Amino acid sequence: MAYGTLLLEVDDHGVALVTINRPDKLNALNAAVLGDLDQCFKDLEDDDQVRAIVITGSGRKAFVAGADISEFAGLAEEDATQLARRGQGVFDRIEQCRKPVLAAVNGFALGGGCELALACHIRIAAEDASFGQPEVNIGIIPGYGGTQRLSRVVGPGTAAEIILTGERISAQRGYEIGLVNRLATADGLIDEALRVAGRIASKAPLAVALALDAIRTSTNGGLEEGLEREAVLFGRTFATEDAAEGIGAFMEKRKPNFKGR
Ligand code: COA
């Protein structure tokens with residue numbers, strides 16, 4: 001199996017390591033990455049040799065620095081709603097995977113990167129990693145599940161702080177609020193994630209799959225409705241002048257001038 005934007009290795013314990021490989025763009029999620037992730041998780045789900053999956057980003061700097069903002073420019077409201085549904089669909093596939101999925105967060109996990117980590121079942125972070133939902137900085141809101149999953153993982157108050165300020169939080173703070181399961185050194189991150197994944201891979205696969213199903217049921221009441229609402233509101237932000245200004249300002253590497261329109 002080969003994917004244009006992903007690297008894939010499977011070890012002797014049946015642990016697949018998926019690496020998002022766009023380091024020059026800090027592994028930002030463009031349409032090609034979303035398509036590859038979708039296909040890759042479909043393939044891994046069907047592959048009986050694979051018992052657990054670790055996902056990480058290429059390079060030392062970023063896990064994923066967000067959805068690819070260059071694909072946002074000029075999106076109309078309905079296109080943006082569809083884009084949110086597409087991202088949500090790919091991340092739903094990851095969350096609903098019958099095999100455990102661990103995020104090994106090796107740097108910036110911002111916007112869609114934080115949302116990708118949230119769709120994973122377990123998050124292990126390098127001590128120098130950071131998390132955030134900076135969408136408000138460009139005049140939009142999270143659209144790949146962040147408004148729903150972050151609240152479920154850290155509670156609505158802390159989620160509101162992270163989403164409304166757009167500020168980055170350290171891996172240590174992530175650990176304190178329950179966003180991060182465990183911390184590792186930057187050098188030891190992948191080994192630690194593979195070790196935890198390997199331990200789970202040694203358990204009874206059906207029990208692991210059923211446990212994941214039960215855990216999902218415990219937390220996902222109303223998720224479908226919440227995701228639909230998020231997609232519609234994400235789209236609505238694209239009908240504002242401020243979103244055009246925020247996205248344009250990012251592309252032109254300048255500060256945005258928001259007008260509340
Ligand atoms: N979408 C598209 N391109 C992105 C990106 C994103 N989300 N994040 C980073 N990049 C690109 C940059 O444009 C730059 O490309 P260039 O070299 O062709 O100019 C490259 O990745 C390196 O990023 P750069 O900004 O130069 O690195 P930095 O160390 O100065 O800053 C960040 C790192 C993560 C703070 C900064 O890239 C950033 O703020 N990214 C956007 C984060 C975000 O808002 N994500 C949510 C999107 S909804």
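**Entry 1: the sheet**

In what order do the six strands of the open sheet lie? I found β1-β2-β3-β5-β7-β10, with mixed pairing. I noted that β1 (6–10) and β10 (182–184) are the edge strands, each pairing on one side only. The twist averages 20 degrees from one strand to the next; for such angles, axes are lines fitted to C-alpha atoms, and the angles run from 0 to 180 degrees between N-to-C directions.

For my own reference, strands are DSSP runs of E with at least two residues, helices are runs of H or I with at least four, and both are numbered from the N terminus. Two strands pair if DSSP finds at least two bridges between them. Strands of a sheet pair through backbone hydrogen bonds, either parallel or antiparallel.

I then followed β7 (residues 122–126), which is joined to β10 by three bridges, the two running parallel. Here A125 stands opposite L183 in β10.

**Entry 2: a note on the model**

I am reading a predicted model, where local features need pLDDT of at least 70, side-chain atom pairs count only at pLDDT 80 or more, and totals for chains, interfaces and linings use all residues. Residues are numbered from 1 along each chain as its sequence is written, and side-chain values use heavy atoms, with hydrogens and water left out.

**Entry 3: cysteines**

How many disulfides does the structure hold? I counted zero, taking a disulfide as a pair of cysteine sulfur atoms within 2.5 Å.

C114 is buried at 1%, and C120 is buried at 3%.

**Entry 4: two loop residues**

N106 sits in the loop between β5 (101–105) and β6 (108–110), and it is buried at 9% relative accessible area. Its side chain makes a polar contact of 3.3 Å with that of T56; I use the term for N or O atoms within 3.5 Å, where within protein one must be able to donate a hydrogen and the other to accept it, and residues adjacent in sequence count only if both atoms are side-chain atoms. The N106 side chain also reaches the backbone oxygen of A62 at 3.2 Å.

G145 lies in the loop between β8 (130–132) and α4 (146–154), and is buried at 1%.

Definitions and conventions: Buried < 20%, exposed > 50% of the residue type's maximum accessible area, 1.4 Å probe, protein only.
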